[in-house]
Amino acid sequence: MSAGRPPSAGGAAPVPVAPRAGGAGEGALADEGAASGSGRSPPRALSTALIHHPYRPPPGFGAVPPAVHKASTVLFADTAALHRRNWRDKSSGYTYGLGGTPTSFLLEERLATLEGAEHALLLPSGLAAITLVDFALLKQGDELLLPDNVYGPSRELARHELAQFGIAHRFYDPMDAAGLAAAIGPRTRLVWIEAPGSVTMEFPDVPALAAACRARGVVSALDNTWGAGVAFAPFEQGVDVSMQALTKYPSGGADVLMGVVTTRDAALHQRLLGCRTRLGHGIGANDIELVLRSLPSLALRYAAQDAAGRRLAAWWQGRREATRVLHPALAGSPGHEHWAARCSAAAGLFSVVFDTRYDARRIDAFVDALRLFGIGYSWAGPMSLAVPYDLRGLRGAAGGGMLVRFSVGLEALEDLIADCGQALAALKD
Ligand SMILES: Cc1ncc(COP(=O)(O)O)c(C=O)c1O
């Protein structure tokens, strides 16, 4: 045992009452350090001394990245501090890991800024964020309206858990704001909006949809994963709640699952916060760190993937194998006028509808022949992705056929174009 090391766990040293550490900041245990005769050995068993150690690193460490704090237990300076703490109010401090840490609060505040919101809540995935909105704002007997091009798992949630809880749902045409106004019934409490539908890419008139909800006192919630807080300002469109899968652009690494729900409305925030707390959602600090690390490059990545996406989409427009290219920023794409009126940018995501002479087997062969595009769901990561869909299962199926959704990553555009070009050979027998 080195000089100055506390007695081993087997020693008979008495274990004093634990010091108050939490919240007291640097120097909370200064009296302990001063007590060490050899300079650093309070009379404690090793196991205790390894936890209640007097050393405190010097303050004043400045660095560009924020510190990463991990906790389940949060320590209070004393019982008065414990009693004072209000888990509903960030400014009153910390309560328990599930309620938030300096690291999670920091990401929430940055995301509230990104979205132009007042409040943000992190969730462990984008789908968990959707679920939170549904669970917090709907109860037995209520009705939910979903766009009929809604993100698939949101539809499944309505069909299963919401139905099981006595919550009804119906679908509306996102390109028909008057139709939504007519569809809102006396039991409707929540309307989801998606801009654009993430496979069929129709860009709706978000302000008109949000206004229809507001006129009937119904909460509107936008899935803003595509816009990512960059392409347009969600709350300027009149929605009450915005949600993002941080899994996509804010992470940008294809390595994190996370979601966020933002709002400007304090009462809505409290309902969402209460529900998140009761559902017990925890988000790992290492994942939060990854998103904090990626956020500073969000606008740059979004712009680069937007530029490459538009150019690749334009290349596809010139291919005779494609009958339509669905990209909100391309004239003629459904809802292009709404995109043009509201947006300053677009995600690097678009769909190509293939001539019906190419059946599912040939389209699969084309996707298999791509060398740079990974085959997989999601978007906004460094690697470009491609997924085939049969139009029969989708909105806008008129004429049928197959569609391939492309997500443009960060590879060089000319390589992506060359890859698509060479894979077209697989369409032929
Ligand atoms: C539009 C949209 N919303 C929500 C989600 C859900 O995000 P996550 O995969 O983090 O659950 C996705 C994921 O693909 C999505 O595309």
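The model is predicted, so to speak of local features a pLDDT of at least 70 is needed, side-chain atom pairs count only at pLDDT 80 or more, and totals for chains, interfaces and linings use all residues. Residues are numbered from 1 along each chain as its sequence is written, and side-chain values use heavy atoms, with hydrogens and water left out.

Let us start with the empty space. Rolling a probe the size of a water molecule over the atoms shows where such space is left. On a 1 Å grid over the protein atoms alone, a cavity is a set of points where a 1.4 Å probe fits but cannot get out, while a pocket is an open set with protein on both sides within 12 Å along at least five of seven lines; lining residues have an atom within 4 Å of a point. Grid points are joined across faces, edges and corners, and a volume is the space filled by probe spheres set on the points.

Searching the whole structure turns up one cavity of 30 Å³ or more. The largest cavity has a volume of about 40 Å³, and its lining includes Ile-130, Tyr-151, Trp-192 and Asp-223. Strand β4 (residues 188-194) gives the most to this lining, with three residues; helices (H or I, at least four residues) and strands (E, at least two) are DSSP runs, numbered from the N terminus. The lining of the largest cavity has five nonpolar, one polar and two charged residues. Here Ala, Val, Leu, Ile, Met, Phe, Trp, Tyr, Cys and Pro count as nonpolar, Asp, Glu, Lys and Arg as charged, and the others, Gly among them, as polar.

The second largest pocket holds about 640 Å³ of space. Of the 33 residues that line this pocket, Tyr-151, Gly-152, Pro-153, Ser-198 and Val-199 lie nearest its centre.

Now for the packed parts. A nonpolar core is a set of buried Ala, Val, Leu, Ile, Met, Phe, Trp, Tyr and Cys residues joined through side-chain atoms within 4.5 Å. Buried means under 20% relative accessible area, exposed over 50%, and partly exposed in between (1.4 Å probe, protein chains only). The largest nonpolar core has 56 residues, of which Leu-107, Leu-180 and Trp-226 touch the most other members. Helix α8 (residues 206-215) provides the largest share of this core, five residues.

Next comes strand β12 (residues 402-407): six of its six residues are buried, so the strand is largely enclosed by the rest of the structure. In a regular strand the side chains alternate between the two faces of the sheet. In β12, Met-402, Val-404 and Phe-406 point one way, and Leu-403, Arg-405 and Ser-407 the other. Two strands pair if DSSP finds at least two bridges between them. Strand β9 (residues 349-354) pairs with β12 in the antiparallel sense over five bridges, and Ser-351 has Arg-405 as its bridge partner. Strand β11 (residues 385-390) also runs antiparallel to β12, joined by six bridges, with Ala-386 opposite Phe-406.

Two loop residues end the tour. Gly-284, between α9 (266-279) and α10 (285-294), counts as partly exposed at 40% relative accessibility. Ser-251, in the loop between β6 and β7 (259-263), counts as buried at 3% relative accessibility.
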